[in-house]
Amino acid sequence: MKKELFSVLFLLIANYVFSQNTDSTKTVDIDEVTVNASRTDVNIKNVPQKIELISNEIINSVPNENVAELLKRTTNIDIIQYPGMSASVGLRGFSPLAHSRSYTLILINGKPSGTDNIASINPDIIERIEIVKGSYSMLYGSDAMGGVINIITKTGKDSLVGSATVSAGNFGSTKLNATVQGPLCKKTTFSMGFTRQEQSKDYKIGTNNLLKMNNTEKLILDKTSYGDVMLNSKYQTNQANVQIDHSFSDNWTSTSQVIYTLADDVETPGNYWGSYGESKKDIDRINVYETVKRSTKKNTLEISPYFTDEKIQDYSDNSDTGYVSFRSYVEEYGLKISDVHTFGKLKLLTGADIDVYDYSSNRFSGKATPTNPYNPDNKNTKTAILAQLSYSNERLDVNAGIRYNYIMYETSENKSLNGSGGKETFAVPTPSAGAQYKILKNLKVHASI
């Protein structure tokens, strides 16, 4: 009787809490959420393409060590993740490839993130994440054939605020995070942050689980492995960021941002039995972004140069005698220009992009002993102009546009690969269109091509 009474009481309390949360949720005006990835800052309700939004509240409500963990817990996209801080993502049928580009473009504030490894991005600087499912090549080029993941970072506050947190967990896990935001002067605000994460002990496969498993699940997880240690699974990573926002006048503003990521001796465990594959790697990446913006009632102009540089070193093993077996360098830089004019219910976006992807690498069979690289050094330069027209009313939203790409791809001479090098150019038009219609208040149909 007591158990039944407790169950009824629990259900009544849960129903009350749920109703309170539902009522409070209704007060949030989601119509005011704009999508930066659209390059026109339109309301999310007016974008025909399929979009998922991960808000700051959701980010803070789930455990996450990196963006890969965050996306796995909050959205339904394809992610492949390996121990040793390695993960990639795929959208709309494009496979998440761990060692090559997967046609899902990772952006930070609308500019290239400088990496395809989402496990190396720390969530502490993130305000929200926009996920556009389906090709956005008209706006961003061929790297966005599967879709776009746009990471929006936190900005400065009008008043000085700061926070510091320290946390600890299993396997010697510790995390230190400190942020400070506020005004530098009357027209300038800043945001600074630093995060350090470390796991100082090897991962141990759990012997107890909070959730009960059936016999099939126990067979899949191999119960005999419970209590075993996954050797060589320690890591540490650091990330620092600085952002400065300045207002020159009522119409002109600028945003400058630097993000620095450093991870040394990130261990990779290899196979379960420890018979091969134990190694480590270093990741060193810097992102530099600048945006100058002019805003009036009917026009918004953005000019955004960017530069990213990522260096990765893989070691032959994790011993004292281990040597650097592979080293890669990737530089991405360019300029993005967007000009949006508003004519009543019509918006016209015109723009131009210059994007350069410069890759080089070295491979070694012993200490300072070069061997054949996996790929020749190469450089991909893309120049594009684009235009898109959007129309929105209470029920109908339509956008259509075209991008004209001029692509120059160069490979360097490499005698060890019997490669003489060369250059090819391509001229490719990319059209796009999307539409959605609101049938009822909470029922819409949409399509894009």
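Modeller: Happy to! The second largest pocket holds about 1100 Å³ of space, in what is a predicted model. Its lining is made up of 40 residues, and those closest to the pocket's centre are N43, I44, K45, N46 and K444. Several strands give two or more residues to this lining: β2 (42–43), β3 (50–54), β22 (378–392), β23 (396–411), β24 (422–440) and β25 (443–448). Of these, β22 provides the largest share, with four residues. Sorted by class, the lining has twelve nonpolar, 15 polar and 13 charged residues.

Now let's step back to the chain as a whole. The protein chain has 449 residues, and 39% of them count as buried. Its secondary structure consists of five helices and 25 strands. Among contacts with a separation of 6 or more, 61% join residues 24 or more positions apart. The accessible surface of the chain is about 24900 Å², and carbon and sulfur atoms account for 57% of that.

Next, the interior. In soluble globular proteins, nonpolar side chains tend to be buried together. Here the largest nonpolar core has 30 residues, and the members that touch the most others are L71, I118, I129, I131, I149 and I151. The elements giving two or more residues to this core are α3 (67–74), β5 (86–90), β6 (104–108), β8 (126–133), β9 (147–153), β16 (252–268) and β17 (279–295). The helix α3 gives the largest share, four residues. Another core, of 17 residues, lies apart from this one, and L107, L139, A144 and L386 are among its members.

Leaving aside residues up to four places away in sequence, I149 touches L71, I77, V89, T104, L105, I106, L107, I129, E130 and I131.

Is A164 buried or exposed? Its relative accessibility is 64%, and exposed means over 50%, so A164 counts as exposed. Again leaving out residues up to four places away in sequence, A164 touches N177 and A178.

Key:
Residues are numbered from 1 along each chain as its sequence is written. This is a predicted model: local features need pLDDT of at least 70, side-chain atom pairs count only at pLDDT 80 or more; totals for chains, interfaces and linings use all residues. Side-chain values use heavy atoms; hydrogens and water are left out. Buried means under 20% relative accessible area, exposed over 50%, partly exposed in between (1.4 Å probe, protein chains only). Contact means heavy atoms within 4.5 Å. Accessible areas come from the Shrake-Rupley method with a 1.4 Å probe; for residues, only the protein chains shown count as cover. On a 1 Å grid over the protein atoms alone, a cavity is a set of points where a 1.4 Å probe fits but cannot get out, and a pocket is an open set with protein on both sides within 12 Å along at least five of seven lines; lining residues have an atom within 4 Å of a point. Grid points are joined across faces, edges and corners, and a volume is the space filled by probe spheres set on the points. Ala, Val, Leu, Ile, Met, Phe, Trp, Tyr, Cys and Pro count as nonpolar, Asp, Glu, Lys and Arg as charged, and the others, Gly among them, as polar. A nonpolar core is a set of buried Ala, Val, Leu, Ile, Met, Phe, Trp, Tyr and Cys residues joined through side-chain atoms within 4.5 Å.
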